[in-house]
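Please consult the sequence and the coordinates alongside the text.

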Amino acid sequence: MNTTNPGSGFDDDNTLPPRSGALTDIRVVDLSRVLAGPLCGQMLADHGADVIKVEAPSGDDTRSWGPPFVREGHSAYFDGLNRNKRNISIDLREKEGQALLGRMLEEADVVIENFKAGTLERWGLADDVIAERFPRLIHCRITGYGVDGPLGGAPGYDAVLQGLSGLMSINGVPDGPAMRIGIPLVDIVTSLNAMNGILMALHVRAATGRGQLVDLALLDNAISILHPHAAKWFATGEPPERTGVAHPTICPYETFTCADGPFFIGAGNDRQFRALAVALDAPALVEDPRFLTNPDRLAHAEELRSILGGLVGGVTREDLADRLRAAGVPSGAVNHVGEALSMPQVLHREMVVERDGYRSMGIPVKLSGTPGAVRFGPRARGADTDSVLAEFGVDPEQADALRRAGVVDSSSAAEGLSREEASSNVTH
C-alpha cells in the first residue's frame, strides 16, 4: 500500500507522512458521514490503518456544521472526526462511480458505511453480493435501528435515540424536564463498538480467511449503556427517577460549591467516606448513625448534602483537591472544556495535539510497542482523488474521463448533490 500522497495537515501540497501503529497492514474504505462512522474510521487511522474517506460531490454534511469554521469547507465539527484520512470525491449515484467503488473494495480489508437501508442494494451491493464478491471484506454497517423489524430502515439521530432509549429520562434534575446529554453519546458509543466489532472480525478472518458483516444500530448501543438504571428496572419494575448530578445508589457522589466554583466528590465506599470526614476536619461524621453505611447515607442524603456543603463552601477548589487527593478520596474541580484541555495532566498524557495548524484531542489508547499517531489534519474534499485513483490502477486518461463525466472531483468546492439530497441517503 502507498503511504505517501500529496498533502499534509492544512497544506495540501506536502507529502503525507508514513503510517505507523498497530494497524498499518489494514486498508479501510470509509463511506460514512456525520459522526459514528467517521469517528470509527478516525480511530482506526490514528492507529495506522490506511483510511480512504470517500465523499460525495456535496461533501460530508458536517463540513457545514458551524460556526466555528477552521477554514473554508472545514467546520470544527468535521475536523474533529476526519484526521489521518486520505480523501477522494466520488459520485456513487453514477454507474462509473459504483464500478470504481467495487475496484476499491477488492483491495480493502474494511468498509464502513451508514447509508439508508437499501442504498447499497440499489447499487448492486446487497449483503450476499458483498460476501460473494469480496469474501475477505469486513463490512461495518451503522444504522439507526437496523434494517428490519418494526423500525428497520428508519433514519436515526443521536438525540432521537437518547430519547427513545431512556437516556434522556435519567438525565436532569428531579423536578425538571428530561434532558439531552451534552455530547452525542449514542453516536460515540456506537463508533467505539464499531471499532471493537471490526477488530474482532479481523481477528476471526486471520483464522478463517473470511470477512463478515459487523452490524450496529444506534438504538442497540443506546440501550446497552443504561447501567445501572436498566438493572434497577429489571430488579424492581420501577422506572428510575432523575437525580441531577447525584448518584442514584451512592452517597455522597455529586457536586458541591467551593469558594471559587463547583467541585465533585465521589466517596464510593465506607472507607472513602471516613477519609473524607477526616480530611474535612469533621471526624464526628464517621460515628454518626445516619452516615455509617452507604444505605444509611442514601436515606439521609439531604442532611449529608447540607453538612458537606457547609464544610467545603469556604475552601478553594485547589485546596480541597489537594486535601482529598492526599486522603485517597476521588474528587476534582468541575472544569469547563477549556480548563480541562489546559490541565497539566491532560497535556502530559498528550491528549491535546497540534500538527501543522490542526489542533485536536489526542489518542486515548496508548500502546507501548505500536503507538498511534496524529500524522495530519482533515483533508479537503477530493484532495487525494488523483493519487488514490492511480493507486487503484486508473490511468490519467481514465481519470480525466471520470472527472469530465462528474464521477470524481479533485476540488474542495461543493458541487453535485445538494446537502438535503446527500443527507437523505445517510443515517447518523
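The lining of the largest pocket consists of 23 nonpolar, eight polar and seven charged residues (nonpolar: Ala, Val, Leu, Ile, Met, Phe, Trp, Tyr, Cys and Pro; charged: Asp, Glu, Lys and Arg; polar: the others, Gly among them). The model is predicted, and local features need pLDDT of at least 70, side-chain atom pairs pLDDT 80 or more, while totals for chains, interfaces and linings use all residues. Residues are numbered from 1 along each chain as its sequence is written, and side-chain values use heavy atoms, without hydrogens and water.

This pocket has a volume of about 980 Å³; among its 38 lining residues, Leu39, Gly80, Leu81, Ile188 and Met361 are the closest to its centre. On a 1 Å grid over the protein atoms alone, a pocket is an open set of points with protein on both sides within 12 Å along at least five of seven lines, a cavity is a set where a 1.4 Å probe fits but cannot get out, and lining residues have an atom within 4 Å of a point.

The second largest cavity holds about 70 Å³ of space. Of its 13 lining residues, Glu113, Lys116, Gly118, Glu121 and Arg141 lie closest to the centre. Its lining comprises four nonpolar, four polar and five charged residues.

Turning to aromatic side chains, Phe115 and Trp123 form an edge-to-face pair because their ring centres are 5.1 Å apart and their planes stand at 75° (pairs need centres within 6.5 Å; planes under 30 degrees apart are stacked, over 60 edge-to-face, the rest tilted).

Technical notes
Points joined across faces, edges and corners; volume = space filled by probe spheres on them. Phe/Tyr/Trp six-rings, centres within 6.5 Å; stacked < 30°, edge-to-face > 60°.
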